[in-house]
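Please look over the sequence and the model below before reading on. The report that accompanies them takes up a few topics in turn.

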Amino acid sequence: MEIITKGTSIEDLKENLIFESKEDLKEVLSMIAIKKTFQYRVSKSDKKRFMARCIDEKCEWYLSVRVYKNTTMYKVCTYKNVYTCSLEFSNLDHKQASSHLISKYIQNMLGDPKVKYKTNQVIGDVKRVLGVTVNYQKSWRAMQNARDEVLGPASDSYGLLPSYCHVLKKSNLGSMTKIMKDSENRFKFLFVAYGVSIEGWKHCRPVIVVDGTFLKAKHGGILFVACAKDGNNGIFPLAFGVGESENNEAWEWFFTSLKEAIGGCEELCIVSDRHLSIANVIKRVYPEAYHGICMHHLKENLIKRYMVAGLHDLFFKAARA
């Protein structure tokens, strides 16, 4: 009897073939179905049996697999390799071309961090390699599965943050990093200020601009940023933070950590949008600072609320008067 191990590719099934696991069997069967342009449905699947038929009820194709003796392996008992499917079923979006299966074919494209492999490219590669047309959603899920396999689950990266912060402070002397966890020992907040930014702040204008933006990753969150202006009117990054959302607690953590890193100064001005949490926290953490509103954010709010011709020019004349 021939035993098929994980990752083995075969042209077709035959009776008395043995697979190391049910998952190996299903993966091989899906690839055969794709290559031979037919689709199957699982009619029965439990700890001892796996049975499949063609999705076309008139087709005679049939597969029956059972657990081999007292092992965890599966043996092909009956295999009726007869296809009488109509073209109507062959031309459908292939059911067996799952995101899990597709991810195995694109993993090698994610090994080089310098190469940007996009979801639209997955659609083209699947069509070229497997001859199957898949939609954007399935390609996106395949990309996520492949990234988890190659780079590890996104959630695992949070566990690497303490090591990252330790190495960062050793390679960037004078840097400050802080991590806060919740009551269940899960990640909550991160703060990073590089040593060169802390030192460079001493030579910047006393103006700090803060903002937050959404992180478009699996676990979401908010990226907090604080910048200043150097002597050449260039943007000078001061600190970064990550939190769950823009609320009082998150902004207070960020501003408190920022003050601990760079301190305060006379005639300090902090510029932001009109988020209430920022205004509330500045009063508590930087009571001596002047709080200004970003002209761009205020202009956008005015234009959305008042559809008046020439409002843009009038606003900037008033703001700069």
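## Basis of the report

This is a predicted model, in which local features need pLDDT of at least 70 and side-chain atom pairs count only at pLDDT 80 or more, while totals for chains, interfaces and linings use all residues. Residues are numbered from 1 along each chain as its sequence is written, and side-chain values use heavy atoms, with hydrogens and water left out.

## Aromatic contacts

Across the whole structure, a search finds 13 aromatic pairs, where rings of Phe, Tyr and Trp (its six-membered ring) pair if their centres lie within 6.5 Å, and planes under 30 degrees apart count as stacked, over 60 as edge-to-face and the rest as tilted. One of them joins phenylalanine 38 and tyrosine 83 in a tilted arrangement, with 4.7 Å from centre to centre and 50° between the planes. Phenylalanine 38 lies in the loop between helix H1 (22–35) and strand E3 (40–45), and tyrosine 83 in the loop between strand E6 (74–80) and helix H2 (87–90), so the pair ties together parts that are 45 residues apart in sequence. Helices (H or I, at least four residues) and strands (E, at least two) are DSSP runs, numbered from the N terminus.

Phenylalanine 38 is buried, at a relative accessible area of 2%, whereas tyrosine 83 is partly exposed, at 31%; buried means under 20%, exposed over 50% and partly exposed in between (1.4 Å probe, protein chains only). Elsewhere, Phe191, Phe224, Trp251, Phe254, Phe255 and Tyr286 form one aromatic cluster.

## Helix H9

In helix H9 (residues 276–285), the residues Ser277, Ile278, Val281, Ile282 and Val285 are buried. They cover an arc of only 130° around the axis, which puts them on the same side of H9, the arc being that of the directions from the helix axis to the C-beta atoms. On the other side of H9, Leu276 and Lys283 are exposed.

## Two pockets

The largest pocket holds about 460 Å³ of space. On a 1 Å grid over the protein atoms alone, a pocket is an open set of points where a 1.4 Å probe fits, with protein on both sides within 12 Å along at least five of seven lines, and lining residues have an atom within 4 Å of a point. Its lining has 16 residues, of which Ala154, Ser157, Tyr158, His219 and Gly220 lie nearest the centre, and strand E8 (187–193) and strand E11 (235–243) each supply at least two residues of that lining.

The second largest pocket has a volume of about 340 Å³, and of the 16 residues that line it, Leu110, Tyr117, Gln144, Arg147 and Leu151 are the closest to its centre. Both volumes are the space filled by probe spheres set on the points, which are joined across faces, edges and corners.
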